[in-house]
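Reader: Can you walk me through this one? I'd like to start with the fold and then look at a few side chains.

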Amino acid sequence: MCGIAGFMRYGSAKVQQHELTTLLLNLQVRGRDAAGVAWRTEQKVKLIKAPGPADGFVKLKQFVDIIPEVLDSPYVLLHTRHATHGEPSENRNNHPLMNEKGLIIHNGVVYPEENLSGDSDTDSEQIMLYIQRYGWTGISKLS
């Protein structure tokens with residue numbers, strides 16, 4: 001199953017780089033197929049994700065370059081993926097999953113009544129799409 005973690009920053013104290021990296025690396029035991037991070041800036045929500053285990057992800061230049069911005073964020077979500085639906089080699093299937101209306105990370109497997117049209121091949125995206133279409137009652141349409 002997938003690994004999920006996050007933090008909310010209160011006040012001026014910031015999470016340190018080694019704490020962010022350690023948290024992500026500790027999640028790797030829950031999934032080695034992909035890793036990703038989502039964070040909020042004052043302007044928008046951003047994310048970075050890539051196929052492969054977290055120990056490779058934290059060495060990527062694109063991850064290293066965004067660390068200062070992530071550490072400034074008040075909200076951060078981390079995910080390591082153990083793939084069930086959707087090939088991790090196609091980054092659109094890796095978490096976090098985001099569209100113009102929301103963002104989701106998920107651990108587990110769901111079965112929707114029907115597959116709504118989305119950007120990925122994942123069951124996780126179906127949760128987000130069902131909530132966006134039907135509100136919170138959309139969850140009752142999944143098993």
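Author: What follows covers the sheet, the helices on it, a histidine and some salt bridges. Note that this is a predicted model.

Reader: What is the strand order in the sheet?

Author: The order is β1-β4-β2-β3, in an open sheet of four strands with antiparallel pairing. The edges are β1 (3–8) and β3 (45–51), each of which pairs on one side only. From one strand to the next, the twist averages 10 degrees.

Reader: How many bridges join β1 to β4?

Author: Six, with β4 covering residues 75–81. Within that pairing, Ala5 has Leu78 of β4 as its bridge partner.

Reader: And β2, how many bridges join it to β3 and to β4?

Author: Seven bridges join β2 to β3, and six join β2 to β4. Both pairings are antiparallel. Ala34 has Pro51 as its bridge partner in β3 and stands opposite Arg81 in β4.

Reader: What do β2 and β3 form together?

Author: A hairpin, with four residues between the two strands.

Reader: Is β2 largely enclosed or open, and how many of its residues are buried?

Author: Six of the seven residues of β2 are buried, so the strand is largely enclosed by the rest of the structure.

Reader: Which strands does α1 lie across?

Author: Helix α1 (residues 17–27) lies across β1, β2 (34–40) and β4. The helix runs at about 30 degrees to β4.

Reader: Which ones for α3?

Author: Helix α3 (residues 61–72) lies across β2, β3 and β4, and its angle to β3 is about 155 degrees.

Reader: Which residues of α3 are buried?

Author: Phe63, Ile66, Ile67, Val70 and Leu71. These cover an arc of only 155 degrees around the axis, which puts them on the same side of α3. The buried residues of α3 pack against α1, β2, β3, α2 (54–57) and β4.

Reader: Switching to His79. Where is its place?

Author: His79 is in strand β4.

Reader: Buried or exposed?

Author: Buried, because its relative accessible area is 1%, and the cut-off for buried is under 20%.

Reader: What is His79 in contact with?

Author: Leaving aside neighbours within four places in sequence, its contacts include Ile4, Leu24, Leu27, Ala34, Ile105 and His106. His95 is also in contact with His79, and a polar contact of 3.3 Å joins the side chains of these two histidines.

Reader: Now the charged residues. How many salt bridges does the count come to?

Author: Five. One of them pairs Lys61 with Asp65, where the closest N and O atoms are 2.6 Å apart.

Reader: How are Lys61 and Asp65 placed in α3?

Author: They are four residues apart in the helix, so about one helical turn separates them. Lys61 counts as exposed at 59% relative accessibility, whereas Asp65 counts as partly exposed at 46%.

Reader: Which residues are linked in a network of salt bridges?

Author: Glu90, Arg92 and Asp121. The side chain of Arg92 meets that of Glu90 at 2.7 Å, N to O, and that of Asp121 at 2.7 Å, N to O. Asp121 lies in the loop between β6 (102–104) and α4 (123–134) and Arg92 in the loop between β4 and β5 (97–99), so this pair ties together parts that are 29 residues apart in sequence.

Reader: What are their relative accessible areas?

Author: Glu90 is at 33%, Arg92 at 36% and Asp121 at 45%.

Terms used: Residues are numbered from 1 along each chain as its sequence is written. This is a predicted model: local features need pLDDT of at least 70, side-chain atom pairs count only at pLDDT 80 or more; totals for chains, interfaces and linings use all residues. Side-chain values use heavy atoms; hydrogens and water are left out. Two strands pair if DSSP finds at least two bridges between them. Axes are lines fitted to C-alpha atoms, for helices over the stretch in contact, and angles run from 0 to 180 degrees between N-to-C directions. Contact means heavy atoms within 4.5 Å. Buried means under 20% relative accessible area, exposed over 50%, partly exposed in between (1.4 Å probe, protein chains only). The arc is that of the directions from the helix axis to the C-beta atoms. A polar contact is a pair of N or O atoms within 3.5 Å; within protein, one must be able to donate a hydrogen and the other to accept it, and residues adjacent in sequence count only if both atoms are side-chain atoms. A salt bridge is a side-chain nitrogen of Lys or Arg within 4 Å of a carboxyl oxygen of Asp or Glu.
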